[in-house]
Each structure stands twice: as structure tokens, then as C-alpha cells.
Amino acid sequence: MGYRFSKQMKEIISFSRDEAERLGNDYIGTEHLLLGLTRETDNTVVRILRGFKVDIQEMRSDIERSVKSDKSPQKAMPLNVSAEQTIFGAVSEAKTSKSKKVEPEHLI
């Protein structure tokens, strides 16, 4: 069975790229994936994090401070190894849960 990314998952990956670019990074890492996941305030992932009493804005600020760069990002912005492994894990999780598409919940 081939696995496709849901529309929301594709948006999250796009948001992750935007976040990396905004922060002056020349790669997309797991930190950018988390920023992409939490960019919209009302989704399953945000509700789960809030259930664990995570302050989303504080988490985002901490991530931004830790990875912000003054460099100009390159046009080609590859996933780093950790982000690749995380996305591969999301695909595996979708298979395990017999989902037809990879959803944001699989990523987290």
C-alpha cells in the first residue's frame, strides 16, 4: 500500500520550510517540523501538547531562540537526518495504525 501525505501534513511540511527560512536556517530539522506543527493553534497536535500543559507560545519562542541564525538560507533546503527519520517514522506509524494517509498525529 502506498502512503500519501494528507493535505494538512503537506501544509505542515511547507510551514516547516517557511519557519526554517524565517529563522535563517539552511535545512529543515525536527525543530522546524515542531514549529510547523504548532503554527496553527487549533489542531490535534496542539490539543495534545496543551493536554500535557505545554505553553505553545513559550515552546515556540524557546525553539526560535535556539536555532535563529543571521545567515541567508539557501534556495534548496534539505531535511536533515533527524527530520528525515521523523518523517519516515510518521509513515511507519501510519502503516501500523492502518491509516490511508500520513497525518500530523503520526508525525508527533
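Start by selecting Leu-37: leaving aside residues up to four places away in sequence, Leu-37 touches Ile-12, Asn-43, Val-45, Val-46, Pro-104, Leu-107 and Ile-108. Contact here means heavy atoms within 4.5 Å. What you have open is a predicted model, where local features need pLDDT of at least 70 and side-chain atom pairs count only at pLDDT 80 or more, while totals for chains, interfaces and linings use all residues. Residues are numbered from 1 along each chain as its sequence is written, and side-chain values use heavy atoms, with hydrogens and water left out.

**The core**

Now bring up the largest nonpolar core, which has 19 residues. Such a core is a set of buried Ala, Val, Leu, Ile, Met, Phe, Trp, Tyr and Cys residues joined through side-chain atoms within 4.5 Å; buried means under 20% relative accessible area, exposed over 50%, and partly exposed in between (1.4 Å probe, protein chains only). Which members touch the most other members? Color Leu-33, Leu-37, Leu-49, Ile-63, Val-102 and Leu-107. At least two residues of this core come from each of α1 (7-22), α2, α3 (44-51), α4 and α5 (81-96). Helices (H or I, at least four residues) and strands (E, at least two) are DSSP runs, numbered from the N terminus.

**α1 against α2**

Show α1 and α2 together. Their axes are 7 Å apart and the packing angle is about 120°, which makes α1 oblique to α2. Axes are lines fitted to C-alpha atoms, for helices over the stretch in contact, with angles from 0 to 180 degrees between N-to-C directions; under 35 degrees counts as roughly parallel, over 145 as roughly antiparallel, 65 to 115 as roughly perpendicular and the rest as oblique. For the contact, select Ile-12, Phe-15, Ser-16, Glu-19 and Ala-20 on α1, then His-32, Leu-33, Leu-35, Gly-36 and Leu-37 on α2. By class, that contact has six nonpolar, three polar and one charged residues.

**Two serines on α1**

Stay on α1 and click Ser-16. Buried or exposed? Ser-16 is buried, at 0% relative accessible area. Not counting residues up to four places away in sequence, Ser-16 touches Ile-28, His-32, Leu-33 and Gly-36. Draw a distance from Ser-14 to Leu-33: the two are 19 residues apart along the chain, and their C-alpha atoms are separated by 9.3 Å.

**α2 against α4**

Next, pick α2 (residues 30-37) and α4 (residues 56-67), whose axes come within 10 Å and cross at roughly 150°. That makes α2 roughly antiparallel to α4. To see the contact, select Glu-31, His-32, Leu-34 and Leu-35 of α2 with Met-59, Arg-60, Ile-63, Glu-64 and Val-67 of α4. This contact has five nonpolar, one polar and three charged residues.

**Two lysines in loops**

Finish with the loops. Between α3 and α4, find Lys-53, which has a phi near 65°, a positive value in a residue other than glycine. Lys-53 is exposed, with a relative accessible area of 75%. Then go to the loop between α5 and β2 (101-102) for Lys-98. Though not a glycine, Lys-98 has a positive phi of about 60°, and Lys-98 is exposed, at 70% relative accessible area.

Note on methods:
Ala, Val, Leu, Ile, Met, Phe, Trp, Tyr, Cys and Pro count as nonpolar, Asp, Glu, Lys and Arg as charged, and the others, Gly among them, as polar.
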